[in-house]
Amino acid sequence: MRENIKQVKSRYENCQLEEIPDFIRSVESDERTGVKKIKEAAKKAYDKYIKELERIEQMKQYERQYDSCQYICGIDEVGRGPLAGPVVAGAVILPKDCSILYINDSKQLSPAKREQIYDEIMEKAIAVGIGLVSHTRIDEINILQATYEAMRIAISRLKVEPEVLLNDAVTIPEVKIPQVPIIKGDAKSISIAAASIVAKVTRDRLMVDMDQIYPGYDFAKNKGYGSKKHMEAIKQIGPCKIHRQSFIKNI
């Protein structure tokens with residue numbers, strides 16, 4: 001019995017992306033207007049999927065340069081600029097054949113997409129390490145040194161030792177593992193992008209929790225950055241325990 005339009009649409013909507021070519025072939029000779037529209041939508045979706053796969057392959061260019069290494073680790077940090085909370089670093093080792101659709105620099109993704117990709121990273125990664133350095137430590141040693149410290153902690157928490165580190169722009173002092181600093185690496189390397197997302201989601205979740213403990217600063221929305229509401233709150237009610245004193249001394 002021939003499928004009706006609703007059934008064809010349902011079958012398309014339940015297709016995995018890699019199954020779309022088979023679906024298109026199955027309706028290729030169907031000339032009904034409704035089916036033609038579904039077919040066109042399917043072709044557009046598949047073209048988008050292929051372009052995304054090509055982008056992901058491009059993001060593996062640095063990883064391919066170190067193909068002889070079993071464990072290639074991406075490193076990135078989040079939270080150098082906020083007025084409150086810690087700086088957080090992520091270290092991620094992905095399998096060599098790993099492809100995570102829509103992975104990118106965490107700043108280029110919506111919060112919902114970051115959360116979704118974070119879950120996939122945590123599921124697929126060989127190892128993930130997270131380093132957190134507190135606001136008090138940032139005040140003690142400055143934000144740059146605190147960032148390096150967070151990265152070293154993240155590396156130390158990996159369950160396997162990486163053979164090479166792909167870092168977002170920096171060379172980390174006191175680390176003996178070979179390092180490759182990559183400018184804007186979170187948009188160029190799948191490993192660094194993964195580290196960026198892990199660090200961002202970890203820190204954002206923490207700041208949402210801090211909003212419950214220290215209400216009034218709008219931490220759930222601004223994540224500790226100097227938004228207008230945050231700045232006004234500091235002036236009106238004063239700083240809280242997680243503010244970086246070295247960052248707010250002139251407010």
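**Entry on Arg2.** I looked up the contacts of Arg2 and, leaving aside its neighbours within four places in sequence, I found it in contact (heavy atoms within 4.5 Å) with Gln7, Asp30 and Arg32. Arg2 lies in the segment before helix H1 (5-13), where helices (H or I, at least four residues) and strands (E, at least two) are DSSP runs numbered from the N terminus. With a relative accessible area of 58%, Arg2 is exposed; I note that buried means under 20% relative accessible area, exposed over 50%, and partly exposed in between, with a 1.4 Å probe and protein chains only.

**Entry on what I am reading.** This is a predicted model, in which local features need pLDDT of at least 70 and side-chain atom pairs count only at pLDDT 80 or more, while totals for chains, interfaces and linings use all residues. Residues are numbered from 1 along each chain as its sequence is written, and side-chain values use heavy atoms, with hydrogens and water left out.

**Entry on Lys96 and Ser110.** Leaving aside neighbours within four places in sequence, Lys96 is in contact with Asp67, Ser68, Cys69 and Gln70. I then checked two C-alpha distances: Lys96 and Ser191 are 95 residues apart along the chain and separated by 10.0 Å, whereas Ser110 and Ala146 are 36 residues apart in sequence and 27 Å apart in space.

**Entry on H5 and H8.** Two packed helices are described by the angle between their axes and the distance between the axes, and I looked up both values here. Helix H5 (residues 111-124) and helix H8 (residues 190-213) pack at an angle of about 120°, with their axes 9 Å apart. The axes are lines fitted to C-alpha atoms, for helices over the stretch in contact, and the angles run from 0 to 180 degrees between N-to-C directions. H5 passes H8 in a left-handed crossing, a term used if the near helix is turned anticlockwise from the far one by less than a right angle, with right-handed used if clockwise. On the H5 side the meeting residues are Arg114, Glu115, Ile117, Tyr118, Asp119, Ile121 and Met122, and on the H8 side they are Ala194, Ile197, Val198, Lys200, Val201, Thr202, Asp204 and Arg205. Sorted by class, this contact of H5 with H8 has eight nonpolar, one polar and six charged residues, counting Ala, Val, Leu, Ile, Met, Phe, Trp, Tyr, Cys and Pro as nonpolar, Asp, Glu, Lys and Arg as charged, and the others, Gly among them, as polar.

**Entry on rings.** Rings of Phe, Tyr and Trp (its six-membered ring) pair if their centres lie within 6.5 Å, and planes under 30 degrees apart count as stacked, over 60 as edge-to-face and the rest as tilted. By this rule I have three aromatic pairs. One of them joins Tyr46 and Tyr49, is tilted, and has 5.8 Å centre to centre and 50° between the planes. Because they are three residues apart in helix H3 (residues 33-58), Tyr46 and Tyr49 are separated by about one helical turn. Tyr46 is partly exposed at 23% relative accessibility, whereas Tyr49 is buried at 12%. I also found Arg244 lying over the face of Phe247, at 5.0 Å from the ring centre; a charge sits over a ring if NZ of Lys or CZ of Arg is within 6 Å of the ring centre and within 35 degrees of the ring normal.

**Entry on positive phi.** Glu174, a residue other than glycine, has a positive phi near 65°, and it is found in the loop between strand S4 (164-168) and strand S5 (179-182). Lys223, which is not a glycine, has a positive phi of about 55°, and it lies in the loop between helix H9 (219-222) and helix H10 (228-237). Glu174 is exposed, with a relative accessible area of 71%, whereas Lys223 is buried, with 14%.

**Entry on Tyr217.** Last, I looked up Tyr217, whose place is in the loop between H8 and H9 and which counts as buried at 4% relative accessibility. Not counting residues up to four places away in sequence, Tyr217 touches Asn222, His230, Ala233, Ile234, Ile237, Gly238, Pro239, Cys240 and His243. From C-alpha to C-alpha, Tyr217 and Cys240 are 8.9 Å apart in space, and they are 23 residues apart in sequence.
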